[in-house]
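Student: Please take me through the model that follows, setting each value against the definition behind it.

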Amino acid sequence: METLQLIGIIVVFLGAVALMMTRKLPTILALPIMAILISVIAGVPFMSEDPEKFTLVKGVLEDGSMRMATAISGLIFGSLFGKILTKIGVTELIIKKAAEMAGDKALPLALSFLSVASVIFTASNGLGMVILVGTIIIPIMISAGLSPMISSIILLLANGIGVTFSVSTLAVYIDVLGLPLETVTSYSWMVGLPLIIMSIIMVVYFVKFNGKRRKAWAMPANKGRNNNVRSIALIAPIVPVVLVFAFNVPLVAAIITGILAALLLSTPKNPIHVVSSAFVEGIQDIAGAAGLMIGIGMLLNAVMSVEVSTILDGAIEAIIPNGPIMFVVVFGLLAPLAIYRGPLNVWGLGSGIVSLLVAGGMNPVMAMVALRLNSNVQAVCDPTNSHNVWVSDFTKTDVNDVLKKTIPWIWISTVIGLIASTFYLF
């Protein structure tokens, strides 16, 4: 019986992957559907009069929808912070300063925008912020002689670096793996440094040998934001990052402190209106991601239930890396499975897979490092990312061409990161 149930669960996983890859079923619907089907196949009771008993209705649907509450809160406040930085003019001022310092030389400009955009995305990321930053820096880079493709890649690399250190996304790993904040933050440099180094190498290579193309591009019109913001306000984006990484301040408290710092340093004319409108617009921007996290929570609770974990224990134990070589081989060779919401993508099937690995005996810190390194592939290369789709449409490039140009480089950086991490994890 358990063998048939195992086959059924695997079929559900593979079927979901196929439907998501072919874009016939969005991830936001695929995850809760998987949670329900897997629970039914494993024999999880539908309902029970015993309030302590794990059931499909109570344990998977109700408790699962609340499981990622910390991560959802981090997303909301992170998006709020980003909207406030935009409304008071900090984001545009940072980009303007970088452009002035770099001049019109392609390589200095590209590296400057890689740096400043990474800092901006560390403070706040998501499609709204990518669109804001992209509509400013991409025309500047193209006007300086960079091709639309390379300009797109620079923006995506910056987003990938920013996400690695973003305090609003760290909560995902806290909720999924049950790790304390200080543990998650302490490994961020181990995860981010290979991507930073590889991004710099990529920018230098593409600009020098594969990316120059003189083309005019009309600059976007000023949208009426405050252009008289004080320069001292430029430190506001790094306030939450410093508080979280240096002082282990909880995520929401750190972001709120950053918001207060931004308002105090810039003193906008109507701070109440700025914050209230930013809150509404920020929630709108992350609505899709929040919905995705609800599905992730349901899937996590389903696969970690006694009924499902009992069925999967044997199969999971067989694939758990039992040494540094297997750790690098498994998560290195399979790194591309992080794209298309695959089994190594924390925003897709990976949230369930990694929970099963940990439940089967894998060190949760090892799982976290591996998943975050694999997520670098997803953040930069994945054609299903909304920001990848937008930037390709904005620059009139093919999103699959972006994938082909970036994945060899990011895959290599992931393997290098896995090798380096073995000296600390084993």
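Helix packing and burial

Tutor: The axes of helix H7 (residues 127-143) and helix H8 (residues 148-165) come within 10 Å of each other and cross at roughly 140 degrees. The model is a predicted one, in which local features need pLDDT of at least 70 and side-chain atom pairs count only at pLDDT 80 or more, while totals for chains, interfaces and linings use all residues. Residues are numbered from 1 along each chain as its sequence is written, and side-chain values use heavy atoms, with hydrogens and water left out.

Student: What is meant here by a helix and by an axis?

Tutor: A helix is a DSSP run of H or I with at least four residues, a strand is a run of E with at least two, and both are numbered from the N terminus. An axis is a line fitted to C-alpha atoms, for helices over the stretch in contact, and angles run from 0 to 180 degrees between N-to-C directions.

Student: Are H7 and H8 parallel or oblique to each other, and why?

Tutor: An angle under 35 degrees counts as roughly parallel, over 145 as roughly antiparallel, 65 to 115 as roughly perpendicular, and the rest as oblique. The H7 and H8 axes cross at roughly 140 degrees; H7 and H8 are therefore oblique to each other. The contact of H7 with H8 has nine nonpolar, three polar and no charged residues. In that count Ala, Val, Leu, Ile, Met, Phe, Trp, Tyr, Cys and Pro are nonpolar, Asp, Glu, Lys and Arg are charged, and the others, Gly among them, are polar.

Student: Which residues of H7 and H8 meet?

Tutor: From H7, the residues include Val133, Ile137 and Met141, and from H8 they include Ser151, Leu155 and Asn159. Contact here means heavy atoms within 4.5 Å.

Student: How are H2 and H14 oriented to each other, and what makes them so?

Tutor: Helix H2 (residues 27-42) and H14 pack at an angle of about 15 degrees, with axes 8 Å apart. H2 and H14 are therefore roughly parallel to each other. By class, their contact holds twelve nonpolar, five polar and no charged residues. Among those that meet are Leu31 and Ala35 in H2, and Gly291 and Gly295 in H14.

Student: Why do H8 and H11 receive their orientation label?

Tutor: The axes of H8 and helix H11 (residues 188-210) come within 9 Å and cross at roughly 170 degrees. H8 and H11 are therefore roughly antiparallel to each other. The residues of this contact divide into 13 nonpolar, six polar and no charged.

Student: Is asparagine 159 buried or exposed, and how do you know?

Tutor: Buried means under 20% relative accessible area, exposed over 50%, and partly exposed in between, computed with a 1.4 Å probe on protein chains only. Asparagine 159 lies in helix H8 and has a relative accessible area of 3%, so it is buried. Beyond its neighbours within four places in sequence, asparagine 159 is in contact with Phe121, Asn125, Val130, Ala379 and His387.

Student: What makes isoleucine 136 count as buried?

Tutor: Isoleucine 136, placed in helix H7, has 14% relative accessibility and therefore counts as buried.

Student: Why is helix H9 called largely enclosed by the rest of the structure?

Tutor: Eleven of the eleven residues of H9 (residues 167-177) are buried, so H9 is largely enclosed. Ser168, Thr169 and Asp175 are among these buried residues. Just after H9, glycine 178 takes a positive phi of about 70 degrees.

Student: Which residues touch the most other members of the largest nonpolar core?

Tutor: A nonpolar core is a set of buried Ala, Val, Leu, Ile, Met, Phe, Trp, Tyr and Cys residues joined through side-chain atoms within 4.5 Å. Of the 148 residues in the largest one, Phe113, Val133, Ile137, Leu155, Val172 and Phe327 touch the most other members. The largest share of this core, twelve residues, comes from helix H14 (residues 271-303). Isoleucine 137, leaving aside its neighbours within four places in sequence, is in contact with Ile95, Phe113, Ala117 and Leu155.
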